[in-house]
Amino acid sequence: MVLLKTMSAKSKYTHHQHSGIAMPNNSNNRKVLLGEDELPKEWYNILPDLPAPLPPPINPATREPVKPQELERVFAKELIRQEMSQERWIPIPEEVREVYRLWRPTPLYRARRLEQYLKTPARIYYKFEGVSPPGSHKPNTSVAQAYYNMKEGIERLTTETGAGQWGSALAFATMLFGLKCTVYMVRASYNQKPYRAALMRSWGAEIYPSPSNKTNFGRSLYEKDPNHPGSLGIAISEALEDAVTHDNTRYSLGSVLNHVLMHQTVQGLEAKRQMEMIDEYPDIVAGCVGGGSSFSGLFWPFYYDVYVSKKAPKMTKFVATEPAACPTMTKGIYTYDFGDTAKMTPLLPMYTLGSDFVPAPIHAGGLRYHGDAPTLCLLLKKGYIEPHAYNQIEVFEAASIFARTEGIVPAPEPSHTIKYVIDEALRCKRTGEEKVILFNLCGHGYFDLQAYLDYFEGRLQPFEYPEEEIRKSLERLKSELPWIDQLPYLKNL
Ligand SMILES: Cc1ncc(COP(=O)(O)O)c(C=O)c1O
């Protein structure tokens, strides 16, 4: 390894002026590390750089775009400002960078052992976000959100969690800034992952399996079926109801919204520097999509190079992966839909399976949301993103290959991307192409070992979601809100 600051003038890397630790791409080194002083100072906001204006969220009562003031009972004011900001670069407060330093910058690994196992000429890199204390990329935004709420005098945050990753991340962040935290956890995940709840409690949060008997909406479902498996849409409704019915309480969302995705860009900004240090540039940037935050956090800064500054040396391809059991990008319909099941949120422009979608209990809990981020959906609609869907058996097969070569046991969510990466690397083997593939290993799988047991013991089902159900759900929405089709915002996309 070479410390760049002190490198000799002969080195091919001297012009980059990094203080991190680098490896030439033909060395045997496994990772590229940045120093703490190279932690990004600004987040990248894609809003001014989208190929078309982002269709606005709609208030279903007025049928008009939502006004910032209407969101103030739900979110911290600074987060609403960021949500709508057209500034390309937004400064990261020093207090947030200080917390990021607990685990950031995260390492960029070269997956050499996986490459050797596959005998591929492709060069595979992964940005590992599993080194954060909660074990995923989610604290990149929870820390920022808890900070701004604390600054505005808020005392408690409520949220939902699917796999438990987001709930853990918010519990961690609220603890650091002295706020209380209430988490509604999808019951199917709560039962599958009791240790996630234990982790959140260790950081002082209170957790309820959702549907719960704590909110009016939760009770309406819980009383009919105390074993209701729940869904992210239902848990969001409960967390929102709790926030708006209690003083000094706000709601916090772990994905989908613009400000959340923007906070995640620390990943892509770091990855760009790390690849630059080894004179590499990705042909493909890939990630998994639940709501789209981890993938967007990685690919937006590369999108900026390719389509905005036009300084990218390649036409990088952006590949998004998802479960066949929750195929929003590959089978969903692009329309306005609610973000939650109780229809409390504004209508969002997105690819959706219908807000009353209740997913099969697949193990990739974080990928079971019925919609996706409006920014991601616009880019997908405009052809900037290539989506792929996989069933959970093929996903765990890929995850096991990764664990047995690279050593890290991946979370089920990024294992969808690992499946894509392995297929692509094998394709490169057939064609002889030396593609550079970068993907986001956005979480470790050490709280998902029950899922691995179910896979090893043959208990996983290869669920696929029937298209018929999507059509029926959206017909229900359109019979309730027939004016949705008259809204002008999606017309010319
Ligand atoms: C490890 C991990 N990856 C991915 C996701 C999906 O969310 P997003 O698409 O917002 O990154 C989750 C969500 O909980 C997650 O826990």
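Start by selecting Ser-255 and the ligand: a polar side-chain atom of Ser-255 sits 2.5 Å from an oxygen atom of the ligand. That is a polar contact, a pair of N or O atoms within 3.5 Å (within protein, one must be able to donate a hydrogen and the other to accept it, and residues adjacent in sequence count only if both atoms are side-chain atoms). The protein covers 97% of the 390 Å² of accessible area that the ligand has on its own; such areas come from the Shrake-Rupley method with a 1.4 Å probe, and for residues only the protein chains shown count as cover.

Before you go on, remember that this is a predicted model: local features need pLDDT of at least 70, side-chain atom pairs count only at pLDDT 80 or more, and totals for chains, interfaces and linings use all residues. Residues are numbered from 1 along each chain as its sequence is written, and side-chain values use heavy atoms, with hydrogens and water left out.

Now show Gly-291: here a backbone N or O atom lies 3.0 Å from an oxygen atom of the ligand.

Next, hop to Asp-242 and Arg-156. Their side chains meet in a salt bridge (2.6 Å, N to O), meaning a side-chain nitrogen of Lys or Arg within 4 Å of a carboxyl oxygen of Asp or Glu. The pair links distant parts of the chain, with Asp-242 in helix H9 (residues 232–244) and Arg-156 in strand S10 (residues 156–161), 86 residues apart. Helices (H or I, at least four residues) and strands (E, at least two) are DSSP runs, numbered from the N terminus.

Are Asp-242 and Arg-156 buried or exposed? Both are buried. Buried means under 20% relative accessible area, exposed over 50%, and partly exposed in between (1.4 Å probe, protein chains only).

Now pick Lys-272 and Asp-305, joined by a salt bridge of 2.8 Å, N to O. Lys-272 belongs to helix H11 (residues 266–277) and Asp-305 to helix H12 (residues 293–308). Asp-305 counts as buried because its relative accessibility is 9%.

For a loop, select Thr-345, between strand S16 (333–338) and strand S17 (347–352). Thr-345 is buried, at 12% relative accessible area, and a polar atom of its side chain lies 2.7 Å from the backbone nitrogen of Gly-339.

Last stop: Leu-102, in the loop between helix H2 (94–100) and strand S8 (108–110). Leu-102 counts as exposed because its relative accessibility is 55%.
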